[in-house]
Amino acid sequence: MTNPREVSATASGISCETRIFCANCIHCKLLPSPLGQGRYKLRVRCEAGKWRKPLGEEKVYKYFTVARRSIESCDAYEDMGEVEDFLRDLRGLLPTSDEEYGR
Ligand code: SF4
């Protein structure tokens with residue numbers, strides 16, 4: 001889809017503002033961050049290149065925080081479905097901390 005869809009976050013319990021949730025966007029991608037010896041942590045990135053540090057470097061976020069990533073608007077947003085249902089299911093699956101995976 002090309003039209004950003006803004007949703008009310010009231011029902012999702014995040015805020016009373018109208019926001020776009022990056023976790024529900026097709027450009028929000030999961031990637032491993034290697035720790036060595038087959039161990040890794042999970043990070044998320046915006047493959048549309050919208051998450052930047054002040055000096056222009058790409059910014060990635062810890063996976064367990066992904067449900068918190070929201071913005072007022074984004075011209076690259078492509079939703080993956082009903083955001084409230086998606087976020088509710090996602091919150092039930094997300095780890096509660098920056099966990100390690102692998103061996
Ligand atoms: S394209 Fe926009 S809405 Fe999608 S993940 Fe990137 S910043 Fe978030």
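**View 1. Strand 4 and its pairing partners.** Three bridges connect strand 4 with strand 7 (residues 100–102), and these two strands run antiparallel. The model shown is a predicted one. Within strand 7, Tyr-101 is the bridge partner of Tyr-40. Strand 4 also pairs with strand 3 (residues 28–36), in the antiparallel sense and over eight bridges. In this pairing, Tyr-40 of strand 4 stands opposite Pro-34, and Arg-45 of strand 4 stands opposite Lys-29. A further antiparallel pairing, over two bridges, links strand 4 to strand 5. In strand 5, Tyr-61 is the bridge partner of Val-44.

**View 2. The whole chain, for orientation.** The protein contains one helix and seven strands. Along the sequence these elements follow the pattern β-β-β-β-β-β-α-β. The protein has 103 residues, of which 15% count as buried. When contacts between residues at least 6 apart in sequence are considered, 59% of them join residues at least 24 apart. The mean pLDDT is 86, and 83% of the residues reach 70 or more. Residues 1–17 have a pLDDT that stays under 50, and for this stretch the model has 23 contacts beyond four places in sequence. Where pLDDT is low, predicted coordinates should not be read in detail.

**View 3. The turn between strand 3 and strand 4.** The hairpin formed by strand 3 and strand 4 has two residues between the strands. Gln-37 lies in this loop. As a general rule, most residues other than glycine have a negative phi. Gln-37 is exposed, because 8 other C-beta atoms lie within 10 Å and a residue with 12 or fewer is counted as exposed.

**View 4. The largest nonpolar core.** This core has 13 residues; Phe-21, Cys-22, Cys-25, Cys-28, Val-44, Val-66 and Leu-87 touch the most other members. At least two residues of the core come from each of strand 2 (18–21), strand 4 (39–46) and helix 1 (83–93). In soluble globular proteins, nonpolar side chains tend to be buried together. Val-44 shows how parts of the sequence meet. Apart from neighbours within four places in sequence, Val-44 is in contact with Cys-28, Lys-29, Leu-30, Val-60, Tyr-61, Tyr-63 and Val-66. One of these contacts, Tyr-61, is also the bridge partner of Val-44 in strand 5.

**View 5. The residues around the ligand.** The shell consists of Ile-20, Cys-22, Cys-25, His-27, Cys-28, Cys-46, Ala-48, Lys-50, Ile-71, Cys-74, Ala-76 and Tyr-77. By class, ten of the shell residues are nonpolar, one is polar and one is charged.

View 6. Is Ile-20 buried or exposed? Ile-20 counts as buried because 20 C-beta neighbours lie inside 10 Å, and 20 or more is the requirement for that class. Although 63 residues separate Ile-20 from Val-83 in sequence, their C-alpha atoms are 8.8 Å apart in space.

View 7. With 17 other C-beta atoms within 10 Å, Ala-48 is partly exposed. When residues up to four places away in sequence are not counted, Ala-48 touches His-27 and Ala-76. Ala-48 and Ile-26 are 22 residues apart in sequence, and the distance from C-alpha to C-alpha is 9.5 Å.

View 8. Glu-78 is found in the loop between strand 6 (70–71) and helix 1. Glu-78 is partly exposed, with 16 other C-beta atoms within 10 Å.

Notes: Residues are numbered from 1 along each chain as its sequence is written. This is a predicted model: local features need pLDDT of at least 70, side-chain atom pairs count only at pLDDT 80 or more; totals for chains, interfaces and linings use all residues. Helices (H or I, at least four residues) and strands (E, at least two) are DSSP runs, numbered from the N terminus. Two residues are in contact if their C-beta atoms, placed from the backbone, lie within 7 Å. A residue is near a molecule or strand if its C-beta atom, placed from the backbone, lies within 6 Å of it. Ala, Val, Leu, Ile, Met, Phe, Trp, Tyr, Cys and Pro count as nonpolar, Asp, Glu, Lys and Arg as charged, and the others, Gly among them, as polar. A nonpolar core is a set of buried Ala, Val, Leu, Ile, Met, Phe, Trp, Tyr and Cys residues joined through C-beta atoms within 7 Å. pLDDT is the predictor's confidence in each residue, from 0 to 100. Two strands pair if DSSP finds at least two bridges between them.
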